[in-house]
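The sequence and structure are shown first.

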Amino acid sequence: MTTEFILLRHGETEWNALGRLQGHLNSMLSREGQRQAEALAARLATLPFQALYSSDLDRAVQTASCIAARTGHDVQRDARLRERGLGVLEGLTRAEAGQRHPAVFAAYTEGHADYVVPEGESASQRLRLALHCLEELGARHPGARVVVVTHGGLLSALLRHCLGIPAAAPRAFSVLNAGWNQFDLHEGSLRMVTWGDVSHLRALSLDDT
């Protein structure tokens, strides 16, 4: 049976607006991010689904809680849906990261899947956790539609995984705040169906640059 996953990126945060790398650190939704979360909630209020899961980071939980207030679902948190841990780079803008940790930032931006950021993790480590989580949720909700609130870096990794795009290849797609992405899990294989739908928003959200 096929489980349909609606994978959502959280709404814009204060650090998104400032261009700061977040990783596992928390940053609250901005006023625009709250509006985006409410737009997602309004759209999902018209679409039946079985369960609502979220990363346990505040920006995702805030977004999921806004949805839950409209749909009546419980928010089930799972740390495996977190953003990649960026260790010593967290909280810095890209310019600051390049100045304070030039070698680390250069290795990070090269995009190699197995590069572990000091005090953080690799993209492949985070992807494995997320895939195991989705497989488990698929077994828990066979044939159902499930909504998951997660993060831009993880969504990017899932898309690359499904389409066979190397982790180090330059990113030629957007990962927008409050973007709506459908992935189907069929016979253990994850397939991308819809990517980057922001038709519920009246203005474009910020890309995960």
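## Surroundings of E83

In this predicted model, E83 touches G23, H24, L57, R59, E121, R126, H151, G152, G153 and L154, leaving out residues up to four places away in sequence. E83 lies in the loop between β3 (75-77) and α4 (94-100). Its relative accessible area is 11%, so E83 counts as buried, the cut-off being under 20%.

## The annotated pair

The unreviewed UniProt entry gives the feature "active site" at H10 and E83. These positions are spread over 74 residues of sequence but cluster in space, with a largest C-alpha distance of 10.8 Å.

H10 sits in the loop between β1 (2-9) and α1 (14-18) and is buried, at 1% relative accessibility. Beyond its neighbours within four places in sequence, H10 is in contact with N16, Q22, R59, A60, T63, V149, T150, H151, N177 and A178. One of these contacts, with R59, includes a polar contact between the two side chains at 3.4 Å. R59 and H151 are also among the residues that E83 touches.

In soluble globular proteins, nonpolar side chains tend to be buried together. Here the largest nonpolar core has 23 residues, and F5, L7, Y53, V148, L158 and L190 have the most contacts inside it. At least two residues each come from β1, β2 (51-54), α6 (123-140), β4 (145-150), α7 (152-163) and β5 (180-186). The largest share, six residues, is supplied by α6.

L158 touches L7, L127, L131, L134, F183 and L190, not counting residues up to four places away in sequence. A second, separate core has 22 residues, including C66, A68, V147 and A178. A178 is also one of the residues in contact with H10.

Note on methods. Residues are numbered from 1 along each chain as its sequence is written. This is a predicted model: local features need pLDDT of at least 70, side-chain atom pairs count only at pLDDT 80 or more; totals for chains, interfaces and linings use all residues. Side-chain values use heavy atoms; hydrogens and water are left out. UniProt positions are given in the numbering used here, feature names are shortened, and annotations may be inferred rather than shown by experiment. Helices (H or I, at least four residues) and strands (E, at least two) are DSSP runs, numbered from the N terminus. Buried means under 20% relative accessible area, exposed over 50%, partly exposed in between (1.4 Å probe, protein chains only). Contact means heavy atoms within 4.5 Å. A polar contact is a pair of N or O atoms within 3.5 Å; within protein, one must be able to donate a hydrogen and the other to accept it, and residues adjacent in sequence count only if both atoms are side-chain atoms. A nonpolar core is a set of buried Ala, Val, Leu, Ile, Met, Phe, Trp, Tyr and Cys residues joined through side-chain atoms within 4.5 Å.
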